[in-house]
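Please look over the structure below before reading on. The paragraphs after it go from the whole chain to single residues.

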Amino acid sequence: MNKSSEISGDEDRGYFDVENFNILERPEAESAGVPLYCAHWHIFIPTIIIAIIYFIAWIVLHTIGMGQSGLARICFIVIAVGAPFLAAYAFLRYQTIRVQINENDIICHPGWPKDLPIDVPISVISRVRVKRGLAGRLFGGGTLMLYLSTGSTVSIPDLKDVREACDMIEAAINRNKAEG
């Protein structure tokens with residue numbers, strides 16, 4: 001792994017934004033034996049729901065003879081423009097959310113539009129928690145919350161296998177406390 005010398009952040013936060021840091025992709029991580037957790041597909045659910053609701057509204061407006069109304073046009077614009085933008089946003093987040101657990105640190109990429117990964121030393125993590133919304137409870141996945149001894153919080157939303165990631169980090173924290 002090649003850490004760059006270009007690091008922004010300060011000691012008060014307890015973590016650093018790291019430029020040019022290599023977060024492994026799933027095949028590389030599996031071959032290296034490094035735990036890597038990625039985004040869950042439920043990140044697409046809001047986009048799907050919005051597209052379905054506006055499509056149904058558009059169909060109903062056409063059925064009742066209001067197909068040329070302003071409301072029907074707004075529904076069509078949301079379907080034609082809004083839904084693809086939301087799908088692109090969800091896809092970019094799906095491709096960029098990562099949590100890589102190393103021996104002495106955790107490298108998190110909270111996903112697009114944030115472009116820098118976050119390097120969190122295990123020694124500054126005081127507590128780990130899993131937070132799940134409705135979609136997370138129904139389909140799995142959730143948000144990984146890292147509470148740091150500096151008072152800062154790092155959250156990585158929309159992770160798949162978030163409970164397993166939390167358990168791995170807690171084990172690493174306990175291992176770090178036993179060694180130090």
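Accessible areas here come from the Shrake-Rupley method with a 1.4 Å probe. By that method the protein chain exposes about 10,200 Å², and carbon and sulfur atoms supply 59% of this area. The model is a predicted one. Of the 180 residues in the protein chain, 38% count as buried.

The secondary structure consists of 5 helices and 9 strands. Along the sequence these elements follow the pattern β-β-α-β-α-α-β-β-β-β-α-β-β-α. Among contacts in the protein chain with a separation of 6 or more, 55% are between residues 24 or more positions apart.

The largest nonpolar core has 27 residues. At least two residues of this core come from each of β4 (98-101), β5 (105-109), β6 (118-121), β7 (125-131), β8 (142-148), β9 (153-159) and α5 (162-179). Helix α5 gives the most, with 6 residues. Which residues have the most contacts inside the core? They are Leu 144, Leu 146 and Ile 169. Setting aside residues up to four places away in sequence, Leu 144 touches Val 99, Val 128, Arg 129, Val 154, Ser 155, Ile 156, Leu 159, Val 162, Cys 166 and Ile 169.

The chain also has pockets to consider. The largest pocket has a volume of about 170 Å³. Its lining is made up of His 42, Ile 43, Ile 45, Pro 46, Thr 47, Ile 49, Leu 86, Tyr 89, Ala 90, Arg 93, Ala 135 and Asp 158. By type, the lining residues divide into 8 nonpolar, 2 polar and 2 charged. Two helices, α2 (45-63) and α3 (70-96), each supply at least two residues of the lining.

Helix α3 is also the place of Ala 83. Is Ala 83 buried or exposed? The cut-off for buried is under 20% relative accessible area. Ala 83 has a relative accessible area of 10%, so this residue is buried. Apart from neighbours within four places in sequence, Ala 83 is in contact with Thr 47, Ala 51 and Val 78. Of these, Thr 47 is also one of the residues lining the largest pocket. The C-alpha atom of Ala 83 is separated by 8.0 Å from that of Ile 48, and the two residues are 35 residues apart along the chain.

Some details of the backbone remain. The peptide bond that runs from Trp 112 to Pro 113 is cis, and its omega is near 15 degrees.

For Asp 158, a residue other than glycine, phi is near 65 degrees. Asp 158 is placed in strand β9 and is among the residues lining the largest pocket. Its relative accessible area is 18%, so Asp 158 counts as buried. Asp 161, which is not a glycine either, has a phi of about 55 degrees. Its place is in the loop between β9 and α5.

Terms used: Residues are numbered from 1 along each chain as its sequence is written. This is a predicted model: local features need pLDDT of at least 70, side-chain atom pairs count only at pLDDT 80 or more; totals for chains, interfaces and linings use all residues. Side-chain values use heavy atoms; hydrogens and water are left out. Helices (H or I, at least four residues) and strands (E, at least two) are DSSP runs, numbered from the N terminus. Buried means under 20% relative accessible area, exposed over 50%, partly exposed in between (1.4 Å probe, protein chains only). Contact means heavy atoms within 4.5 Å. A nonpolar core is a set of buried Ala, Val, Leu, Ile, Met, Phe, Trp, Tyr and Cys residues joined through side-chain atoms within 4.5 Å. On a 1 Å grid over the protein atoms alone, a cavity is a set of points where a 1.4 Å probe fits but cannot get out, and a pocket is an open set with protein on both sides within 12 Å along at least five of seven lines; lining residues have an atom within 4 Å of a point. Grid points are joined across faces, edges and corners, and a volume is the space filled by probe spheres set on the points. Ala, Val, Leu, Ile, Met, Phe, Trp, Tyr, Cys and Pro count as nonpolar, Asp, Glu, Lys and Arg as charged, and the others, Gly among them, as polar.
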